[in-house]
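Trainee: I would like to take a close look at a single part of this structure. May I put one request to you about the aromatic residues and their surroundings?

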Amino acid sequence: MYFISAPFGNYLKFKDAISVTGSWTLTPRPGRFKQILTTLRFSSTGWINRIGLRNPGIEVGIRKHKHNEVLSIAPIKYVDNLNLHKLVPPNISVEINISCPNITHIDDRYCLNDINLWIEDKREWCICKIPPVFSEYKIDHIIDQGFTQIHASNTIPTVKGGLSGRAIIPHTLRILKYIKTKYPSVTVIAGGGIYSNDEINMYKDSGADHFSLGTVCFTPWKIPS
């Protein structure tokens, strides 16, 4: 199964892929297009941005939600999981994004507090999207909370912003190997640096169950078939 990663899932819809929309925060964070224009840059190792979860808020995300899509939800304050969980209907699939590197005041206490609430709903997809720099201890914690669907991984934090693309591959492979060795029944969505079937086969050979397409969506005509 292919997932079109947020924010590309807001715009790209394919019959054989699941679009992930967002990432949505509890309250609006305006200025997305300004941040895209002023911070999105290509480097030799991938794309760098400081978009920082700019979005019109979760209520807009729920209103726009379509069947078979996944809402990417980003808790950025200590009580956000509690309040977001109250708003999102239990029949909507979610991806809890705990890994945006472009909001510097976020720490694990904000992202992880009450995160187990999402698991209790038995949604079709209840994914936790983790950062490439996540330690094995933190991976254990997420799985101990009850998550059986992990998306590895988000952008790499750098001084200029979040770095995406091929630079993520070794990090995703590390996480993938760890999870599939210690928790073989956990479903892993592998993402980072997928530009062709070569990367898909590499992740598949390492145990990935599904695949997330991100930076390749800048050139959607190149999306692997």
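Are F3 and W125 buried or exposed? Please describe the part around them in detail.

Mentor: Both F3 and W125 are buried; please bear in mind that the model is predicted. The ring centres of F3 and W125 lie 5.1 Å apart and the planes stand at 90 degrees, an angle over 60, so the pair is edge-to-face. This pair connects distant parts of the chain, for F3 belongs to strand 1 whereas W125 sits in the loop between helix 4 (108–112) and strand 7 (126–130), 122 residues apart.

The count of aromatic pairs comes to three. Another of them joins Y2 and F211, whose ring centres are 6.2 Å apart with planes at 45 degrees, so this pair is tilted. Y2 is part of strand 1 (residues 2–4) and F211 of strand 12 (residues 210–213), so the contact ties together parts 209 residues apart in sequence. F211 is buried, with a relative accessible area of 5%.

Strand 1 and strand 12 run parallel and are joined by three bridges, and F3 has S212 as its bridge partner in strand 12.

Terms used: Residues numbered from 1 in each chain as written. Predicted model: local features only at pLDDT ≥ 70, side-chain atom pairs only at ≥ 80, totals over all residues. Heavy atoms only, no water. Phe/Tyr/Trp six-rings, centres within 6.5 Å; stacked < 30°, edge-to-face > 60°. Helix = DSSP H or I, 4+ residues; strand = E, 2+ residues; numbered from the N terminus. Buried < 20%, exposed > 50% of the residue type's maximum accessible area, 1.4 Å probe, protein only. Pairing = 2+ DSSP bridges.
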